[in-house]
Each structure stands twice: as structure tokens, then as C-alpha cells.
Amino acid sequence: MRLEVAPGDHICLLGPSGTGKTTLLNRLAGLERGQPRPTLRIGYLFQEHRLLPWRTLRDNLRLVGVGRDQVEPLLARVGLEQVADRYPDQLSLGMARRAALARCLAMRPDLLLLDEPFASLDPHRAEELKGLIRTLLKQFPTMAMICVTHEARDAEALANRIWYLAGRPARLRCDARLDAEAHAGLAGRLEALGRQATQESLSIEN
């Protein structure tokens with residue numbers, strides 16, 4: 001199967017744990033051994049923020065080429081302009097994720113990869129980050145996004161397209177565009193895909 005991601009595609013990648021969703025993101029980013037470097041500009045928000053702990057947020061951004069006069073405006077996009085001189089360990093998990101997101105935006109990515117960006121956040125912080133990502137997608141309409149998540153409500157909030165990965169070996173079970181009607185029935189559709197994948201897995205094991 002050949003998949004194409006177009007400018008402005010906002011894809012949520014769902015499926016059972018252990019089916020290779022993060023591996024797929026790594027391959028798209030060219031991080032797997034022996035892969036060529038991608039030709040697109042890619043921003044990757046990992047599950048861990050991966051900011052250098054001995055550098056302030058300002059310095060972390062300067063290290064990826066952000067101009068001195070652009071640090072505060074970039075941090076302002078993620079609501080962190082007041083903490084530019086703090087170190088990552090002085091931030092909450094939600095703030096550290098937003099700082100890592102600012103670092104992704106610094107390269108003006110064609111494709112933004114998000115690996116479970118709401119994991120380990122309390123519901124309020126998760127909704128806050130989700131709202132920020134939604135705003136950024138509107139501000140950069142040609143930027144494509146692929147977000148790994150386990151939650152249908154994340155796809156309902158962010159996606160205009162869904163991928164569902166399942167099986168052993170894993171394969172793409174669903175690639176669907178979402179309109180208003182599809183959004184309304186998304187949770188039920190994902191539950192059905194999950195039940196189908198589970199039944200097939202049990203059949204293989206037996």
C-alpha cells in the first residue's frame with residue numbers, strides 16, 4: 001500500500017499498543033538505521049521533551065538556529081515567553097512539552113510528527129496542549145501533521161484524516177478522511193476496528 005500525505009493533512013494514527021506506531025513515525029522522520037534523510041522539513045515532538053537540561057529554553061532554541069530576536073516571539077506562540085530563561089527541570093511536564101513544540105516550530109516544518117503528546121498529562125493540561133496544537137494548525141494551514149494517540153477524542157479534536165494500524169504483522173486497516181458525519185461516528189468506528197483486530201489476533205494465536 002502506498003500512502004501519501006498532502007499539505008494540510010491532519011492525521012491521527014491510532015491502534016493497539018505494540019503495533020509499531022512510533023516505529024512508523026521514526027521511519028517517516030528518517031531515524032531508522034540505514035534510512036536516507038527525508039527531503040521534507042520535519043518537526044518531531046517525542047514523548048520525552050529531549051531539551052538539554054543544562055541549557056535554558058532560550059539557549060535550547062538558539063542551538064537549533066533561532067535568532068536572538070526571535071526567541072521570545074517563538075515562545076509566545078506556545079505561551080512561554082515569560083520563562084525563556086528557565087531550565088527544563090524548572091518546568092512542569094506540560095510546559096516542557098510546549099517548549100519542545102516551540103523547538104519543532106523553529107524549523108518551520110512541512111510535517112509535524114507528534115508521538116502521544118498528551119500522555120502523562122492531567123486532563124486540564126492535556127486539553128490546554130490540544131487547544132494549542134489546534135491553534136497552530138490553523139496558523140500554519142499547509143503544515144501536515146501525524147499524531148499518534150490512543151484516544152478517539154484526540155482525533156475528533158485534531159484530525160481531518162485517520163489511520164488505524166493493527167494486526168501481527170501490523171498493517172493499515174483504515175485510511176479515512178473525516179467530514180462532519182464521520183467525526184460524529186468516529187468513536188464507534190474505532191471501537192469496531194479494535195474489536196476486529198482483537199478477534200483476528202486471537203484467531204492467529206489459536
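Buried here means under 20% relative accessible area. By that cut-off, Lys21, Leu25 and Asn26 of helix 1 are buried. The views below come from a predicted model.

**View 1. The buried face of helix 1.** Seen down the helix axis, the buried residues fall within an arc of 140 degrees, so they line one face of helix 1. An α-helix has 3.6 residues a turn, so residues three or four places apart point the same way. The cover over the buried residues of helix 1 includes strands 1, 2, 3, 4 and 5. Just after helix 1 comes Gly30, with a positive phi of about 75 degrees.

**View 2. Strand 2 against strand 3.** Strand 3 covers residues 111–115. Strands 2 and 3 run parallel and are joined by four bridges. Within this pairing, Ile42 stands opposite Leu111 of strand 3. Strands of a sheet pair through backbone hydrogen bonds, either parallel or antiparallel.

**View 3. The Arg177–Asp9 salt bridge.** Arg177 and Asp9 form a salt bridge, with their closest N and O atoms 2.6 Å apart. The pair links distant parts of the chain, 168 residues apart. Arg177 sits in strand 6, and Asp9 in the segment before strand 1. Arg177 is exposed, at 51% relative accessible area. Asp9 is buried, at 3% relative accessibility.

**View 4. The Arg41–Asp110 salt bridge.** The side chains of Arg41 and Asp110 meet in a salt bridge at 3.5 Å, N to O. Arg41 lies in the loop between helix 1 and strand 2, and Asp110 in the loop between helix 4 and strand 3, so the pair ties together parts that are 69 residues apart in sequence. Arg41 is partly exposed, with a relative accessible area of 44%. Asp110 is also partly exposed, at 28%.

View 5. A salt bridge joins the side chains of Glu128 and Arg98 (3.9 Å, N to O). Glu128 belongs to helix 5 (residues 123–139) and Arg98 to helix 4, 30 residues apart. Glu128 is partly exposed, with a relative accessible area of 32%. Arg98 is buried, at 13%.

**View 6. A salt-bridge network.** Salt bridges that share partners join Asp9, Arg161, Asp175 and Arg177 into one network. Across the whole structure, a search finds twelve salt bridges. Side chains of opposite charge can pair when their charged atoms come close.

Key. Residues are numbered from 1 along each chain as its sequence is written. This is a predicted model: local features need pLDDT of at least 70, side-chain atom pairs count only at pLDDT 80 or more; totals for chains, interfaces and linings use all residues. Side-chain values use heavy atoms; hydrogens and water are left out. Two strands pair if DSSP finds at least two bridges between them. Helices (H or I, at least four residues) and strands (E, at least two) are DSSP runs, numbered from the N terminus. A salt bridge is a side-chain nitrogen of Lys or Arg within 4 Å of a carboxyl oxygen of Asp or Glu. Buried means under 20% relative accessible area, exposed over 50%, partly exposed in between (1.4 Å probe, protein chains only). The arc is that of the directions from the helix axis to the C-beta atoms. Contact means heavy atoms within 4.5 Å.
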